[in-house]
Amino acid sequence: MPDRLYLDHAATTPVRPEARDAMLPFLGDAAFGNPSSGHAFGRAARAGLENARQQLAAALGVRAPDVIFTSGGTEADNLAVLGAVLAARPSLGGGGAAHLVSSPTEHKAILGALHEAERHGARVTFLPVNATGLVDLAALDDLLAGRAPGGRPTLVSVMWVNNEVGTVQPVRAIADRCAAAGVPFHTDAVQAFGKLAVNLAAVPVSAASLSAHKIGGPKGIGALVVRDRRAVGPILHGGGQQGGLRPGTENVPGAVGFGVAAELAAGEQPETHARLGAMRDALETALRERLPDLVVHGAGAERGPNILNVSAPETDSEAMLMHLDLAGLACASGSACTTGVVEPSHVLTAMGVPRDLAVGAVRLSLGALSSPDRVPQIADAFAGVVAKVRRLRSVLARA
Ligand SMILES: Cc1ncc(COP(=O)(O)O)c(C=O)c1O
């Protein structure tokens, strides 16, 4: 068994011991109560839940009541998009359709919710992106000014950091434009929080999605920050928890772990950015030295410090991931293998990456388990796997 290196922190991260320890009382006899119960057991759970909400709010620069806990980033994205459509219904009147503006490089959680909204009559417009994945602000200006088809946007949703290539969108500029036009703006900040300075006090977003398991918190808990409740309607119905916007008994242990992880992530963010960014750059250089024809996706744009997405020509990501795993490197790709055919990632396709290159893309993402000492070892192993996959392909091509 080779020495295993985890290079998939953008997929998920190990739970930090501080978060795990904080959760334990809420999983045991001490504070297991239902936070809606008025008795002492319920009050203990409520105290943990509200403390976690405060920690999130402080880490993000928002008010505690603006933090709505969800089951994760996916639910937060769905609530932002579908909730905006539901909230806009009365103002659109009988005949009007919601108009959702987004980018083609969003996470599937946003794209899936947009698709669902479209099925129910909403109009969706995707902003063009350039070769590094950056959205076209001039196209946004046209939409906001009503100079483009589709009518006034109901919601603009653009992610902060792309989960596949790391491209950082000009969220501040988008937020300012939307605020000036009076159009709600949501950002999926799942990959940004803890890596970039996500201070929502300084950026006028209407809503932002977060997920705990990307920052050393537990899985199955996330949040949607909602600044203006009138702009989001509930997509779940039941009890009146969280102001009725997200009913259901809250995941108290999860929220407590999330609160601790968020507080730590926000406090450590500048150091995390410097440490991971330096390591990512060293890894990129080491890989380019060994593989001169390597293509780095998103290079040239500001990128989240932890993400490196590369294609070696004449490879495919399915074979790459399998041989990388055998070599002890746990990586990811954005491509999907449907019925034996590798489909290139929608992100790389939108960026105009040619299909033969896109199908070889591999994402290496760094985090708590990464050490700069390992950069040469990773680069050697990666280059070895590229050589092996190329050899196997040429054997297969001759067969
Ligand atoms: C940008 C982005 N949005 C949303 C999600 C979904 O988050 P969760 O896994 O908590 O549902 C992810 C996780 O892969 C992500 O990277």
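Guide: In this predicted model, helix H5 (residues 137-144) packs with helix H6 (residues 171-181) at an angle of about 10°, and their axes are 10 Å apart. The cut-off for roughly parallel is an angle under 35 degrees, so H5 and H6 are roughly parallel to each other. Looking at the contact itself, H5 brings Leu137, Leu140, Asp141 and Leu144, while H6 answers with Ala173, Ile174, Arg177, Cys178 and Ala181. By class, the residues of this contact of H5 with H6 are seven nonpolar and two charged, with no polar ones.

Let us turn to the ligand for another kind of surrounding. The ligand is surrounded by 14 residues, and the closest are Gly72, Gly73, Thr74, Asn163 and Ser211. Helix H3 (residues 73-92) gives the most to this shell, with three residues. Sorted by class, the shell around the ligand has nine polar, three nonpolar and two charged residues.

Stepping back to the whole chain, the domain assignment gives domain 1 (5-12 + 269-398) and domain 2 (17-265). Taken over C-alpha atoms, the centres of the two domains are separated by 29 Å. Their contact takes 25 residues from domain 1 and 26 residues from domain 2. On the side of domain 1 that touches domain 2, the elements giving two or more residues are helix H7 (252-290), strand S10 (307-311) and helix H9 (346-350). That side of domain 1 has 14 polar, eight nonpolar and three charged residues.

Technical notes:
Residues numbered from 1 in each chain as written. Predicted model: local features only at pLDDT ≥ 70, side-chain atom pairs only at ≥ 80, totals over all residues. Domains from an automatic or database assignment. Contact = placed C-beta atoms within 7 Å. Helix = DSSP H or I, 4+ residues; strand = E, 2+ residues; numbered from the N terminus. Nonpolar A, V, L, I, M, F, W, Y, C, P; charged D, E, K, R; others polar. Axes fitted to C-alpha atoms, helices over the stretch in contact; angles between N-to-C directions. Parallel < 35°, antiparallel > 145°, perpendicular 65-115°, else oblique. Near = placed C-beta within 6 Å.
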